[in-house]
Amino acid sequence: QASDPGADPLPLCDSLLSFQFDCVEPPSPWPKKTVEGCLPNNTIFVNCSALDGVECIGDRTFQRQIPCRYTNGYSYSTALGLSVMLGNFGVDRFYLGYPIVGLIKLCTCGFFVIGNLIDITLIATQALGPADGSQLEVEEGLPVMSAWPVTCQTRVQITTLMNEEVVRLQQQQQQQQ
């Protein structure tokens with residue numbers, strides 16, 4: 001098949017746009033707890049494949065990194081409970097891996113109580129997490145407050161809409177010819 005010199009070159013399969021391929025979804029605990037294979041940078045490698053009708057160069061199956069929730073065993077309920085009950089003594093900060101701040105809270109009665117109220121708010125809204133960069137494990141029934149750029153379900157919906165639009169545009173082009 002001769003290629004048109006004016007046509008755009010075919011992209012590499014692993015460089016396709018998000019609406020041109022489909023990925024296997026992560027296992028069910030996502031996003032509340034750690035998914036097996038979730039990396040400390042809050043991403044996981046998943047297997048993807050180019051959609052039917054999408055032309056590309058190379059292997060049609062490839063891996064992509066998508067967001068996941070990396071946790072390292074720190075419990076949201078435990079952190080919040082420690083902050084409410086023993087936060088004036090810095091126990092919440094020791095639990096989350098911030099020993100210097102914990103000592104300061106211990107010596108200042110929780111930054112004169114005001115710092116502890118701030119910590120309770122930060123932990124309750126999940127804005128303060130463990131020092132190792134992981135997320136707090138949220139128990140069933142409690143909301144996950146962290147914002148994720150795109151979930152797999154969102155991506156599937158966007159992909160479906162984009163595919164429908166591509167088909168509609170192709171049909172319009174065929175009708176005009």
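1. C109 lies in helix α4, which covers residues 109-112. This is a predicted model, and the points below should be read with that in mind.

2. The backbone at C109 deserves a look. Its phi is near 55 degrees. That value is positive, and C109 is not a glycine.

3. How accessible is C109? Its relative accessibility is 40%, so C109 counts as partly exposed. The partly exposed class lies between the buried cut-off of under 20% and the exposed cut-off of over 50%.

4. Q126 also has a positive phi, near 65 degrees, and is a residue other than glycine. Where does Q126 sit? Q126 is in the loop that links α5 (114-124) to β5 (135-137).

5. Is Q126 buried or exposed? Q126 has 12% relative accessibility and therefore counts as buried, because buried means under 20%.

6. Now the strands. β1 (residues 21-23) pairs with β2 (residues 43-50). The sense is antiparallel, and the pairing spans three bridges. Within this part of the structure, D22 faces S49 of β2.

7. How many bridges join β2 to β3? There are seven, and these strands also run antiparallel. Strand β3 covers residues 61-67. V46 has R64, in β3, as its bridge partner.

8. Then find Q126 in the loop between α5 and β5. Finish with β2, which pairs with β1 and is joined by bridges to β3.

Terms used. Residues are numbered from 1 along each chain as its sequence is written. This is a predicted model: local features need pLDDT of at least 70, side-chain atom pairs count only at pLDDT 80 or more; totals for chains, interfaces and linings use all residues. Side-chain values use heavy atoms; hydrogens and water are left out. Helices (H or I, at least four residues) and strands (E, at least two) are DSSP runs, numbered from the N terminus. Buried means under 20% relative accessible area, exposed over 50%, partly exposed in between (1.4 Å probe, protein chains only). Two strands pair if DSSP finds at least two bridges between them.
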